[in-house]
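Please walk through this structure with me, from the chain contact down to single residues. Keep the sequence and the 3D view at hand.

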Amino acid sequence: MNAPSTLRGPELVCPAGTPAGLRTAVDAGAHSIYCGYADETNARNFPGLNFDRTEMREGIAYAHERGAKALVALNTFVRAGAMDIWKRGVDDAVAAGADALILADIALIAYARQAHPKQRLHLSVQAAAATPEAIAFYRDRFSIARVVLPRVLTVEEIARLTAHAAPCETEVFVFGGLCVMAEGRCMLSSYATGKSPNMTGVCSPPSHVAYRDEEDALVASVGGFTVERFSKDEPAGYPTLCKGRFLADGTVSHLFEDPVSLNAIELLPRLAGVGVTAFKIEGRQRGRAYVAAVVQAFRRAVDTMAAGRKIDVAELRALTEGQRDTTGAYKKAWR
Amino acid sequence: MSKAPKRLSLTLGPVLFNWPADRWVDFYKRVADEAPVDRVCLGEVVCSKRQPFRDDVILEAVDRLERGGKEVVYSTLALPTMKREIQAIRDMIQAGYMIEANDISTVQMLDGRPHAIGPFVNIYSEDALAQHLALGATRVCLPPELPLRSIRLIAAGNDAVEVFAFGRAPLALSARCYHARSHGVAKDACQFVCERDIDGMDVLTMDGKPFFAVNGIQTLGHVVTAVTREVDDLAAAGVVALRLSPQSCDMVKVATVFRDLADAKITPEEANEMLSVLPLPGPLSDGFLRGLPGARLLDEVD
């Protein structure tokens with residue numbers, strides 16, 4: 001059960017990839033969960049993930065009974081000629097009791113605002129609103145209540161954006177996968193595989209990943225392009241295109257980004273201090289044990305902060321064990 | 001009964017790469033005098049650190065292009081984040097140029113004024129296009145990953161749609177500069193290492209297969225988009241213009257090939273032949289347009 005949220009600091013927004021994952025996140029202390037339908041309307045359109053219509057209604061009810069909010073992501077870009085699929089998603093999510101819809105496509109935002117004037121709308125990170133002017137565009141035209149900020153910004157930029165965005169709230173990613181490219185504007189995956197985040201809701205999809213043995217190494221490829229070589233004694237990670245090793249200017253390196261994940265726990269007090277409303281944890285594709293551990297740790301951190309005490313940074317470090325972590329673009333040196 | 005398609009016009013996109021100032025100036029002089037293009041977009045789209053070098057010479061280039069009978073459009077930064085970057089865009093809007101907006105901040109600042117939209121804004125459906133037309137867009141270059149089946153639906157009945165038809169397709173933008181990173185220097189002290197790669201820096205897989213090209217904070221495909229086999233289909237679908245994105249090869253020749261192709265003076269096969277003998281940075285591809293991986297080569301698909 002959730003503790004009563006009287007000491008409320010920033011809202012903790014947690015991933016719910018499946019109905020069971022939703023219950024896990026809520027039970028672990030999520031203030032809000034986010035989830036999506038099992039189709040091309042959501043940007044985590046992977047096999048075995050997401051919710052059908054009944055599961056969505058039941059999942060939202062489960063969250064509400066325990067004092068948590070449910071945010072429904074319909075955050076891909078509407079396919080030409082297929083607006084009805086996305087409209088139905090919006091209508092069904094509203095009918096199911098979603099506390100907010102997370103949207104990226106300008107036409108879908110316009111539809112949701114017109115068809116459901118009172119529904120709370122959040123701007124997805126996939127819309128890549130990275131300036132006060134971009135946020136104003138969506139806030140002033142469509143009464144967007146919250147914008148999820150791209151992971152390409154520094155804390156200083158987040159502070160400035162948050163001040164300009166008001167009364168629109170800001171939400172930032174604090175843990176999990178790290179997009180190094182401006183979100184919603186990346187076509188690396190469709191270049192290699194024909195499937196993209198914007199058009200199909202997938203990135204470097206498992207259907208196009210292959211592993212092969214080569215002498216002392218396991219070689220991982222995406223769409224036929226070699227992306228990583230793992231020596232036999234190192235754990236083979238998932239070959240995401242932008243985290244691969246490539247040859248440029250005579251040198252093999254992780255040109256775009258090392259295979260790291262985002263961990264901004266040390267920055268939570270500063271992010272809260274500049275007025276960020278919500279902290280988001282990435283990982284709808286993650287297992288329940290992982291989600292439970294991360295949500296519990298972050299909930300403790302948020303509650304500790306709200307009580308005016310210092311947070312324990314080491315606890316979250318342990319969760320990225322076996323994988324290095326980074327504060328990403330939030331610190332300027334990353335660039 | 002279907003109408004005969006209108007004459008396809010040609011747009012020269014902005015130079016995406018960090019060409020030395022004299023090369024940049026010479027390029028636009030030649031385009032002004034010789035290239036059969038109707039419209040020229042220019043301006044620094046990728047990195048604001050390059051902007052001072054462009055600003056020094058842009059008025060000269062604009063003047064020359066206008067005297068050459070070209071419609072000139074100022075193309076804006078695709079990923080502005082800093083205050084001074086936004087201010088620079090605001091200044092260009094106030095100066096009265098026709099603007100090509102490459103991000104939503106610029107659309108906001110245009111405040112309904114007629115404008116163009118570049119291939120960096122997410123317009124994937126006829127409904128999204130309608131929103132932008134209502135906001136003052138008069139010309140929209142669609143994102144390069146869109147397949148023909150989507151373009152058909154988006155381009156119908158509005159005389160506003162342009163398609164990315166030649167050049168390395170822009171794929172992604174980042175806050176991080178990969179040119180600087182690959183040379184072991186900080187972005188703020190980059191020494192403009194990107195200037196060495198006038199078609200972008202080749203990025204290969206570990207086993208030596210060409211894959212991407214890096215241009216500062218931008219990633220492009222290794223292959224060179226060449227939408228030649230689909231020109232008739234695009235015209236029939238209502239597309240009004242083809243965008244040619246500058247590479248270091250002879251762009252006057254590229255423009256001439258596309259003009260002749262659009263006018264049915266040459267066949268797509270002849271066009272491909274003429275393009276492929278140019279010193280291109282990669283092989284020709286129309287994978288994206290065919291709904292295939294964007295890296296798929298022309299030769300690999302019938």
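## Where the two chains meet

The contact between the chains takes 51 residues from chain B and 52 residues from chain A. This is a predicted model. On the chain B side, several elements give two or more residues each. The helices in that list are α4 (104–110), α5 (126–134), α6 (148–155) and α7 (178–182) of chain B. The strands are β8 (170–173), β9 (201–205), β10 (210–215) and β11 (218–221) of chain B. By residue type, the side of chain B that touches chain A divides into 26 nonpolar, 15 polar and 10 charged residues.

Strand pairing also crosses between the chains. Strand β11 of chain A, residues 246–248, is joined to β9(B) by 3 bridges. The two strands run antiparallel. Look for A:A248: its bridge partner in β9(B) is B:V203.

Now follow B:V203 into its own chain. Its bridge partner in β10(B) is B:F212. β9(B) and β10(B) pair in the antiparallel sense over 4 bridges. They form a hairpin with 4 residues between them. In the turn, B:G208 has a positive phi of about 90°.

The hairpin of β10(B) and β11(B) has 2 residues between the strands. Within this hairpin, B:G216 takes a positive phi near 65°. Is β10(B) largely enclosed or largely open? It is largely enclosed by the rest of the structure, because 5 of its 6 residues are buried.

Next, turn to chain A and its domains. Chain A is divided into domain 1 (5–178 + 260–334) and domain 2 (188–253). Their C-alpha centres lie 27 Å apart. The contact between them takes 10 residues from domain 1 of chain A and 7 residues from domain 2 of chain A. On the domain 1 side, these residues divide into 3 nonpolar, 4 polar and 3 charged.

Chain A also holds an open sheet of 3 strands. The order is β8-β9-β10 (chain A), with antiparallel pairing. The edge strands are β8 (209–214) and β10 (225–231) of chain A, each of which pairs on one side only. Neighbouring strands of this sheet are turned by 25° against each other on average, direction ignored. Take β9 of chain A, residues 217–222: 6 bridges join it to β10(A). One pair to find is A:A220 and its bridge partner in β10(A), A:E228.

What lies inside? The largest nonpolar core has 215 residues. Those with the most contacts inside it are A:I33, A:L101, B:L244 and B:F258. This core draws at least three residues from each of domain 1 and domain 2 of chain A. In soluble globular proteins, nonpolar side chains tend to be buried together. B:L244 shows the packing around one core residue. Leaving aside residues up to four places away in sequence, B:L244 touches residues including B:L10, B:L12, B:V37, B:F166, B:M251 and B:F258.

A:D105 lies in the loop between β4 (100–103) and α4 (106–115) of chain A. Is A:D105 buried or exposed? It counts as buried, because it has 30 C-beta neighbours inside 10 Å. Beyond residues up to four places away in sequence, A:D105 touches A:F77, A:V78 and B:A128. The C-alpha atoms of A:D105 and A:N198 are separated by 9.6 Å, though these residues are 93 apart along the chain.

Finally, check some backbone details. Most residues other than glycine have a negative phi, and most peptide bonds are trans. A cis peptide bond joins A:A166 and A:P167, with omega about 5°. A:P167 is found in the loop between α6 (155–165) and β7 (169–176) of chain A.

In chain B, look at two values of phi. B:D111 has a positive phi near 50° and sits in the loop between α4 and β5 (115–117) of chain B. B:D111 is exposed, because 10 other C-beta atoms lie within 10 Å. B:F192 also has a positive phi, near 50°. This residue is found in the loop between α7 and β9 of chain B. With 15 C-beta neighbours inside 10 Å, B:F192 counts as partly exposed.

Definitions and conventions
Residues numbered from 1 in each chain as written. Chains lettered and ligands numbered in written order. Predicted model: local features only at pLDDT ≥ 70, side-chain atom pairs only at ≥ 80, totals over all residues. Domains from an automatic or database assignment. Contact = placed C-beta atoms within 7 Å. Nonpolar A, V, L, I, M, F, W, Y, C, P; charged D, E, K, R; others polar. Pairing = 2+ DSSP bridges. Axes fitted to C-alpha atoms, helices over the stretch in contact; angles between N-to-C directions. Core = buried A, V, L, I, M, F, W, Y, C linked by C-beta atoms within 7 Å. Buried ≥ 20, exposed ≤ 12 C-beta atoms within 10 Å, placed from the backbone.
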